[in-house]
Amino acid sequence: MALLDKKSKKAFSDPLMSNNPISLQVLGICSALAVTVKMDTAVVMSLAVIFVLAVSNTVIALLRKMIPGKVRIIVQLSVIASMVVFIDLVLKAYFYDMSKQLSVFVGLIITNCIIMGRAEAFAMQNGPWRSLLDGIGNGIGYGGILIGVAFFRELLGSGTFYGIQIIPDSFYAAGYQNMGLMVLSPGAFIILGLIVWAQRLIANIEEE
Amino acid sequence: MHSNKYTLIFTAVLTIILGFFVSTADSSLKDMREKNIEADIRKNILSSLGFKETLESPWTNERVEEIFSESIIGFVVDSAGSVIDGKNPKDINPDKDFKEFPIYKRVSGEQVEGYSIPISGKGLWGTMYGYFSIEPDGATAKGITFYSHIETPGLGAEVDKPWFQNNFPGKKFVDPNGKLIGIQAMKGGVDETSPEAYHQVDGISGATMTTNGLNSFLYEGLKNYDPYLSKIRSSLSL
């Protein structure tokens, strides 16, 4: 069996563009709004979600034939919650400052619809390898949008990129001002809306 | 269809495995986490007292420990403003000891360079914890830091950003008659021409609840230390 047969490839690449969890399925919006004021928090959040998605998808795919149907949602949640607690503990031990900035939003990964959605819709029906790819693919699809939103919000809202000042002082001297709206939640809605629009235009998707 | 017995056994086993996994992770990372928290609090005391982290000597946990033992003295004062002998800030449980207040002093040789007191109180979403530091005159703000809060990123969370904290140094928290007045963060910024500007700083737009909370708990916090600080003030004016 080839490592990447057609179906596996599709499991990985679909969520990147043509079936992106945020911009097409419009899932996981809450955290996409909350942690995208700055690039660094968006990047760490994306990595955390990729990890949780990949591991929980794989574990659930391995257990899929053993999980009793009646309690499957609770089982999925326990696996996901354990992974989230684990990543939170790792952040607190190794990246304390970052974990302070992300505060409650790491814990809120548990309630991110993408993760339970993938566990229920994909990992319960597919093997572990394909589920792993699906998890990573969805994680990257989620992270890509998060980082995209964060890029514009940080650039327009704070004039920086990854904490480094991009807008030259001469602009500010000439009367340029950071857009305060961008550090607030409405800024994220606007950017996200524009991204969804642009992507649907590019991917040529029409609502039925 | 699985039987009820199978379902019960399956969930029990899964719970035990996951519980074991999480608690192992928790206990093996506990020491590092607690060290980070401890060092983070000390970092806050240091930066509230004007120490600066530089690129050449970043504040690793060890470096923080070193600076702390070199130039910080911690002690405890009571509500009458007297130093309680033999008590260490570490002995104080803020949830129990309401009448005893820890305070940190920055010294360089015999010279006192500032005091730092813990402050805490309600913001919008939860309790905010930080340090407020005071010049040796006992009347002027030297700095402020926060090490724990759950305020909204980009709004209330701006309290831990330099632009906000840099407003504090030089502001007075007592009025010209020596009465405690606190420092108020003002909505829309400080009118520098106002006679009240000496105890006001720029507020955070969009974070009214956070700044109102800060204004009131900073005042309440200072009130606890006012007997001690007023002793310093009167000893200096004599």
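Modeller: We shall take the numbering and the model first, then the sheet, then the interface.

Modeller: Residues are numbered from 1 along each chain as its sequence is written, and chains are lettered from A and ligands numbered from 1 in the order in which they are written. This is a predicted model, in which local features need pLDDT of at least 70 and side-chain atom pairs count only at pLDDT 80 or more, while totals for chains, interfaces and linings use all residues.

Biologist: In what order do the strands of the sheet in chain B lie?

Modeller: Helices (H or I, at least four residues) and strands (E, at least two) are DSSP runs numbered from the N terminus, and two strands pair if DSSP finds at least two bridges between them. In chain B, 6 strands form an open, antiparallel sheet in the order 2-1-3-4-5-6. Strand 2 (83–84) and strand 6 (141–148) of chain B each have a single partner strand, so one side of each is left without a neighbour in the sheet.

Biologist: Over how many bridges do strand 5 and strand 6 of chain B pair?

Modeller: Strand 5 (residues 127–134) of chain B pairs with strand 6 of chain B over 6 bridges, in the antiparallel sense, and B:Ser133 stands opposite B:Gly143 in strand 6.

Biologist: How many residues of chain A are in contact with chain B?

Modeller: Two residues are in contact if their C-beta atoms, placed from the backbone, lie within 7 Å; here 22 residues of chain A are in contact with 22 residues of chain B. On the side of chain A that touches chain B, the largest share, 10 residues, comes from helix 4 of chain A.
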